[in-house]
Amino acid sequence: MKLCTGTMMATAIIYSAGDAQATSPDEIYSTYETYDGQDLELTVDNSGTHFTIWSPKAEAAKVLIYDSGRNSTPIQTIGMNKSEHGTWRASVPGQLYGKFYTFQIKYDGKWLDETPGVWAKAVGINGKRAAIIDFANTNPEGWDSDKGPELKNINDAVLYEMHHRDFSVHPNSGIANKGKFLALTEQGTTNTFGDKTGIDHLKELGITHVHILPSYDYNSVDETQLPSNQYNWGYDPYNYNAPEGSYSTNPSDPSTRIKEMKEMVKSLHDAGIGVVMDVVYNHTAQNDDSNFSLTAPGYYYRHREDGSYSDASGCGNETASERQQMRDYIINSVKYWAEEYHIDGFRFDLMAIHDTTTMNEVAKTLKEINPNIFVYGEGWTAGDSPLPVGQRALKDNVSAIPDIAVFSDDIRDAIKGHYTDESDRGFATGKPGLEETVKIGIVGATNHPQVDYSKGNNSKKPYANSPKQVINYVSCHDDLTLTDKLAKSLPEDDIKARQRAAKLAQTIVFTSQGTPFMFAGEEVFRDKKGVHNSYKSPDSINAIDWNMKHENADLFNYYKELIKLRKSHPAFRMTSSEDVAKNLVFDDVKGESGLISYSLKNNANGDVWKEIKVVFNGSDGPKYIKIPKANWIVVAEDGQLDAEGLGESKGGRLMVAPRSALILGREK
Ligand code: CA
């Protein structure tokens, strides 16, 4: 889910005059010749500079060459020749490094507006013109040997979702390159109390991957007006294959944003941290004016029967991944980011707008490049789509996309309360009746003999083939932060009481089967002043005040130990539903509300611990549980957690403090 910016035009260019007899857009577009060559739209070699645009229905096409990224007239205009498979081509002698270009096509008797094309890999300011640069000069030192962390399975990852600006822009970040890619290259930064910030903070916390909000060139932030306080999440794609300019130190120099994004990746990789990109191929910022529309009008989008744009994205349009040229585009685009920028994972926005065939090809292509790369996405749409439900990459269809994971809204809403109702409570805030839905989350939405899916709040079936197909989380950039949700749903509680609930909520996420995911800054109790849709809110709402790390050191320490616990114990990271069904055993708590208790048995997944006992008490009173007699190590109790152990227990009847987790492990 995400929110959009910009005004959307309701009209659509679909039919050209010659298509009058055709009965549907799909029939028209299925007749287009497609082109899967890797030389779209610019190549430079010893023989010169070559331009190729795919535009099967163009009546004419031209390239305009410029000296600068904006505010200048073309120094050369070159007519393109119709070529094979719907392409148009033109070449000029010489390597035009340093120049800019746009395409223009004639369609239905009219010259459309200029466009940088859909394959611009370098762009000028605000992405209006594509740029000709030598990519060999954009690589940081050591780039050839650069690689991300090795990962056996996706659920070995700990995902940390962050926005460049949120993360570094606050004065207390101690970071010089505020709101920039380079923020993540700065070592030794601290808040005003001397606590680590920036990349050092990430290392200290122990996350394995940052998931960065859109970092391709998006439309909303005016790159000529930096550094005014402009903010956007970036779910308004403009140039899919070039980095966003406002995150660079010089948006008007096309190489700078590329170099700096690579430096960021390299720096994170050197710290052992992978980089996941949030990709938004499901819609574009504009309709008739988008780069897709200006090169192949209508083709890349789905339409309603009346010819208008269909809108499963809630942003005015939706793309058509089932069409060959669009499918190839998505696949080649992620491939490009993986190869050129060494990206380690991809998070697909509104993934269910895409079809399952495309998503399977995406996963396969990426695994061939690097088996450590993983893919996950939102298994839903934001509105109805002409794409048949059975073909959508939905959460309910995730078994048909076996190498891809989906977000579990089941565990999210069950833990903290429903996302649309601010005051609604969840299991971790004392609401009864959600135990079975939390259990669906604990088993990673796999088939488990002790979980009754008919009692699930969202899903009514075990949708995941294995726990590797589920991303568990309690909050993300969308909706209220966990801090704000707790403030709205526990208005009578003080900060310390709310932090107990936060600890319990995240303990459920990080001990569950599946891949844990957290929103940046929640480890220091960041809030967004109650703003649930902060996509264009100012820094005063979105920036993380890193001095909160000092004020909430106890909470930060808990998160750090929780991550360490998960990473030290493979029992939390089982890879098959069979293993989960066999080794994860729920205790019979006789229907007591607010209480969940289970064991991870049999040295699950090669764990050094024979058994791990995990008990959650979401209620505001103490609960009692019988633990078998043994020599237990207590890891979590009464709002405290130490991965190495807080103390020992012989078992027996133990008290589970209100709104807290009790976790014990035994070797024998
Ligand atoms: Ca931009």
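When I speak of a contact, I mean heavy atoms within 4.5 Å. What we have here is a predicted model, in which local features need pLDDT of at least 70 and side-chain atom pairs count only at pLDDT 80 or more, while totals for chains, interfaces and linings use all residues. Residues are numbered from 1 along each chain as its sequence is written, and side-chain values use heavy atoms, with hydrogens and water left out.

Let me begin with His209, which belongs to strand S11, residues 209-212; helices (H or I, at least four residues) and strands (E, at least two) are DSSP runs, numbered from the N terminus. Is His209 buried or exposed? With a relative accessibility of 1%, His209 counts as buried, where buried means under 20% relative accessible area, exposed over 50% and partly exposed in between, using a 1.4 Å probe and protein chains only. If we set aside neighbours within four places in sequence, the residues in contact with His209 include Pro149, Leu151, Tyr160, Ile273, Asp344 and Phe374.

Next comes the calcium ion, whose protein donors are Asp217 (OD), Tyr218 (O), Glu223 (OE) and Glu244 (OE), at 2.2 to 2.4 Å from the ion. Donors here are N, O and S atoms within 2.8 Å of the metal, or 3.2 Å for Na, K and Ca, and since water is not among the atoms, sites may look incomplete. Along the chain these donors follow the spacing D-Y-x4-E-x20-E, and two of them, Tyr218 and Glu223, are buried.

Turning to the aromatic rings, the structure holds 38 aromatic pairs, counting rings of Phe, Tyr and Trp (its six-membered ring) whose centres lie within 6.5 Å, with planes under 30 degrees apart called stacked, over 60 edge-to-face and the rest tilted. One of these pairs is Tyr376 with Phe407, and because the ring centres are 5.7 Å apart and the planes stand at 75 degrees, the pair is edge-to-face. Tyr376 lies in strand S16 (residues 374-377) and Phe407 in strand S17 (residues 404-407), so this pair ties together parts that are 31 residues apart in sequence. Phe407 also pairs with Phe517, and here the centres are 5.2 Å apart and the planes at 90 degrees, so this pair too is edge-to-face.

What about the nonpolar core, a set of buried Ala, Val, Leu, Ile, Met, Phe, Trp, Tyr and Cys residues joined through side-chain atoms within 4.5 Å? The largest one has 139 residues, of which Tyr160, Ile207, Val210, Phe346, Phe348 and Phe616 touch the most other members. Helix H6 (residues 324-341) gives the largest share of this core, nine residues. Apart from it lies another core, of 23 residues, among them Ala61, Trp88, Tyr107 and Ala120.

I will finish with helix H8, residues 409-416, which is mostly covered, as eight of its eight residues are buried. Those buried residues pack against S17, helix H9 (435-442), strand S18 (470-472), helix H10 (482-489) and helix H11 (495-511). After H8 comes Gly417, whose phi is positive, near 105 degrees.
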